[in-house]
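Q: I am new to this structure and would like to learn how to read its features one by one. Could we look at it together?

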Amino acid sequence: LFDLDDTLYTDASGLFTEVGARIEAWTARALGLTAEGAATLRRRYFAEYGTTMAGLLRHHPEADIDDYLEYVHQIDVARYLRPNPALDAMLGRLDATKVIFTNGIASWAERILTQLGVRSHFAQIIDVRAVRLQGKPRPFAYEQALALLDTTGPACALIDDQPRNLQGALPFGMRTVLVRPNGTAADGIE
């Protein structure tokens with residue numbers, strides 16, 4: 001299982017800056033906040049829940065999450081990403097079924113994988129909608145991903161840039177690999 005954002009490509013691309021600005025713009029508009037208030041809320045929800053969306057679901061049940069997801073991901077990824085032949089070659093050498101497991105949406109993952117030139121390596125995309133909006137690191141996300149794949153945790157490895165997402169995989173018996181420049185492994189994470 002591969003995470004997508006900041007795992008198969010890095011935030012050095014500048015793409016996350018636009019995603020963040022779109023998250024804050026949507027949050028400000030939908031909740032009637034100032035730009036500063038939306039930025040503060042975004043940071044708080046990310047720190048507490050792993051994603052802004054999870055915080056919105058918990059504290060703002062009136063929020064239109066489908067509208068949020070579509071708006072946040074309406075970005076021309078070709079402005080930020082180029083085909084990555086080294087990533088393509090590395091994925092080609094991995095003799096295992098590869099699946100994207102993302103807190104983003106499937107159309108976003110499709111566009112990014114296609115732009116990077118690596119879509120053919122992935123048998124499936126499990127997005128946040130496939131896990132009923134209960135993204136990583138919530139236990140239900142891992143349970144649902146394993147059910148969708150009809151497999152067990154010990155048969156999987158999770159490659160992700162977020163230690164908390166990797167920690168969430170450990171109770172399911174998954175091997176974990178932290179992908180982060182200068183990242184520090186925690187207990188149970190390689």
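**Reading the loop, the helices and the spaces**

A: Pro137 lies in the loop that joins strand E2 (122-126) to helix H7 (139-149), where helices (H or I, at least four residues) and strands (E, at least two) are DSSP runs numbered from the N terminus. This is a predicted model, in which local features need pLDDT of at least 70 and side-chain atom pairs count only at pLDDT 80 or more, while totals for chains, interfaces and linings use all residues. Residues are numbered from 1 along each chain as its sequence is written, and side-chain values use heavy atoms, with hydrogens and water left out.

Q: Is the peptide bond from Lys136 to Pro137 cis or trans?

A: The bond from Lys136 to Pro137 is cis, and its omega is near 10°. Another backbone feature belongs to Asp6, which has a positive phi of about 65° although it is not a glycine; Asp6 sits in the segment before H1.

Q: How should I read the packing of two helices, and at what angle do H1 and H2 pack?

A: Axes are lines fitted to C-alpha atoms, for helices over the stretch in contact, and angles run from 0 to 180 degrees between N-to-C directions. Helix H1 (residues 15-31) and helix H2 (residues 35-49) pack at about 115°, and their axes are 8 Å apart. That makes H1 roughly perpendicular to H2, a term for angles of 65 to 115 degrees, whereas those under 35 count as roughly parallel, those over 145 as roughly antiparallel and the rest as oblique.

Q: Which residues of H1 and H2 meet, and is the crossing left-handed or right-handed?

A: Contact means heavy atoms within 4.5 Å. From H1 come Gly20, Ile23, Glu24, Thr27, Ala28 and Leu31, and they meet Ala38, Ala39, Leu41 and Arg42 in H2. By class, this contact of H1 with H2 has six nonpolar, two polar and two charged residues, where Ala, Val, Leu, Ile, Met, Phe, Trp, Tyr, Cys and Pro count as nonpolar, Asp, Glu, Lys and Arg as charged, and the others, Gly among them, as polar. H1 passes H2 in a right-handed crossing; a crossing is right-handed if the near helix is turned clockwise from the far one by less than a right angle, and left-handed if anticlockwise.

Q: How do H1 and H4 cross?

A: The axes of H1 and H4 come within 9 Å and cross at roughly 145°, and this crossing is right-handed. H1 contributes Val19, Arg22, Ile23, Ala25, Trp26 and Arg29 to the contact, and H4 contributes Asp67, Tyr68, Tyr71 and Val72. By class, the contact of H1 with H4 has seven nonpolar, no polar and three charged residues.

Q: At what angle do the axes of H2 and H3 cross?

A: The axes of H2 and H3 cross at roughly 95° and come within 7 Å, which makes H2 roughly perpendicular to H3. Here Arg42, Arg44, Tyr45 and Tyr49 in H2 meet Thr52, Ala54, Gly55, Leu56, Arg58 and His59 in H3.

Q: How many cavities of 30 Å³ or more does the structure hold?

A: The structure holds one cavity of 30 Å³ or more, and the largest cavity has about 40 Å³ of space. Its lining is formed by Tyr49, Thr51, Ala54, Leu133, Gln134, Gly135, Lys136 and Arg138.

Notes:
On a 1 Å grid over the protein atoms alone, a cavity is a set of points where a 1.4 Å probe fits but cannot get out, and a pocket is an open set with protein on both sides within 12 Å along at least five of seven lines; lining residues have an atom within 4 Å of a point. Grid points are joined across faces, edges and corners, and a volume is the space filled by probe spheres set on the points.
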